Amino acid sequence: MDFQPTVQQDLLRKAVRQFAEDEIAPLVNEMEINDDTPLDLVGKMGDQGFLGVAIPAEYGGTGMGHLARMIMIEEVGRISAGIAMALQVMQMGAGMVVDLGSAAQKAKYSPLLAQGKILVAPAITESSGGSDLEGLSTRAVDEGEYYSLTGRKVFITNSHISELAVIIAKNEGGAKRDFSAFLIENGTEGFRRGRMERKIGFHGCITGELIMENCRIPKENLFGDKGRGLAIALRGINDYGRMGMAGIALGLMQASLEASVKFARERILYGKPISNLAPIQFKIAEIYADLEASRFLAYNAAWLIDQKKKSDTQVSSAKFFSTEAALQCTRKAMDIYGAYGCMKDYPLERYCRDAQLLVPADGTNDIMRIIAGRNLAVKK
Ligand SMILES: Cc1cc2nc3c(=O)[nH]c(=O)nc-3n(C[C@H](O)[C@H](O)[C@H](O)COP(=O)(O)OP(=O)(O)OC[C@H]3O[C@@H](n4cnc5c(N)ncnc54)[C@H](O)[C@@H]3O)c2cc1C
């Protein structure tokens, strides 16, 4: 395993950093107020090939893989966790279609998805509890010529700006784990968007409901094999969703480290910069160590996905470790700023709010520990 970035990955990091500083940073304050995803920005990210970074060239992407995707999310997350969240779910929806869709679905949607011309929202969670996948109550009835879906999905990222959704539903009359996945196009009869949530952070990223009421879905829109719905959901969440959370955590920690060093050098107390005080240096050292440890876990997990190796222990560990590290690092950075850290003029309080959202999203950290712990401890 070699974590030395390739020339290509180095160039990608530089290009994304430049893009994030030039195109995203000027929008952050406005997004904090209006909490909307700037569609112009989505178009620009699509034109730059951001959405297709992990999609093979034959499907319209750049084929750079999951480690490159991690670097991209980290760099966007360094400037805006909200846009990084919106972007990582766009990549997840597109990636799921390419990885798991039928040949016809790939041919129809992939080039558009890779360029961000259309977006897919993966929709699994319901109010019955995201951790309890078997408790999902959206029902799919096989009506012979079509499927009829009824149910309500909650907390869906990009719900109100996506043209497609991948919906996980229970096959009516099937066994306990008999779920299927379905592709639904916006405008399908019986399919509509519900309420939009007001979150503590990730501003610039829309989260809302998708509602199906006797929604008629053509048979060719079955996504993957019938009865494979839970496996499809878990594959998408593992390879894309949880890795996305780790990537945003890295971005928030990198931003916290840079902000802490800058402030500590500029803030004068007792006639000297506070960077000379040992407790300030300790906090900065701890943020650095947490960031580097998280980076190692996350890059290793992304590398395993690129190698098409089993990765759920590493992905789950990277997700809970890095997101909890981000909670602590953003808090430490805020402490270094003293009262200034609590003021809206500085980004520190935003980093703390954004870090908290990483904990439940794409599987809570308790669930991550259960997956990793069970894999490691229980004899097969
Ligand atoms: C910002 C954001 C974006 C999201 N985007 C999407 C999206 O695009 N698509 C989508 O489908 N979902 C999305 N979600 C939903 C997310 O996947 C769920 O929040 C997550 O799965 C947890 O579900 P829950 O919030 O219902 O918590 P619950 O499952 O209700 O959990 C509540 C508590 O119980 C604990 N718990 C649950 N089960 C166990 C257990 N077996 N043992 C011990 N403790 C347990 C949990 O750790 C947690 O502390 C998003 C969530 C957020 C916050």
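Reader: Why is the pair Lys 226 and Asp 142 called a salt bridge?

Author: The closest N and O atoms of Lys 226 and Asp 142 are 3.5 Å apart. A salt bridge is a side-chain nitrogen of Lys or Arg within 4 Å of a carboxyl oxygen of Asp or Glu, so with its 3.5 Å the pair qualifies. Keep in mind that this is a predicted model, where local features need pLDDT of at least 70, side-chain atom pairs count only at pLDDT 80 or more, and totals for chains, interfaces and linings use all residues. Residues are numbered from 1 along each chain as its sequence is written, and side-chain values use heavy atoms, with hydrogens and water left out.

Reader: What does the pair of Lys 226 and Asp 142 tie together?

Author: Parts that are 84 residues apart in sequence, because Lys 226 sits in the loop between β8 (222-223) and α7, and Asp 142 in strand β2. Helices (H or I, at least four residues) and strands (E, at least two) are DSSP runs, numbered from the N terminus.

Reader: What makes Arg 139 and Glu 172 a salt bridge?

Author: Their closest N and O atoms are 3.6 Å apart, which passes the cut-off. Arg 139 is in strand β2 (residues 139-142) and Glu 172 is in the loop between β4 (164-171) and β5 (179-185), so this pair ties together parts 33 residues apart in sequence. Arg 139, at 32%, is partly exposed, and so is Glu 172, at 49%.

Reader: And what separates Arg 353 from Glu 349?

Author: About one helical turn, because they are 4 residues apart in helix α10 (residues 348-357).

Reader: How many salt bridges does a search of the whole structure find?

Author: The search finds 29. Arg 13, Arg 17, Glu 74, Glu 75, Glu 292 and Arg 295 are linked in a network of them.

Reader: How do you know that Leu 119 is buried?

Author: Its relative accessible area is 5%, so it falls under the buried limit. Leu 119 is in the loop between α6 (103-114) and β1 (120-123). Leaving aside neighbours within four places in sequence, Leu 119 is in contact (heavy atoms within 4.5 Å) with residues including Val 42, Leu 51, Met 90 and Ile 161.

Reader: What makes a group of residues a nonpolar core?

Author: They must be buried Ala, Val, Leu, Ile, Met, Phe, Trp, Tyr or Cys residues joined through side-chain atoms within 4.5 Å. The largest such core here has 74 residues, and Phe 50 and Ile 248 touch the most other members. Helix α7 (residues 229-266) gives the most to this core, with 13 residues. Apart from it lies another core of 27 residues, among them Ile 55 and Leu 100.

Reader: How much area do domain 2 and domain 3 bury between them?

Author: About 910 Å², 74% of it on carbon and sulfur atoms. Buried area is the accessible area (1.4 Å probe) that two parts lose on being put together, summed over both. The bounds of domain 2 (121-230) and domain 3 (233-377) come from an automatic or database domain assignment. Across their interface the rule finds 0 salt bridges.

Notes. Buried < 20%, exposed > 50% of the residue type's maximum accessible area, 1.4 Å probe, protein only.
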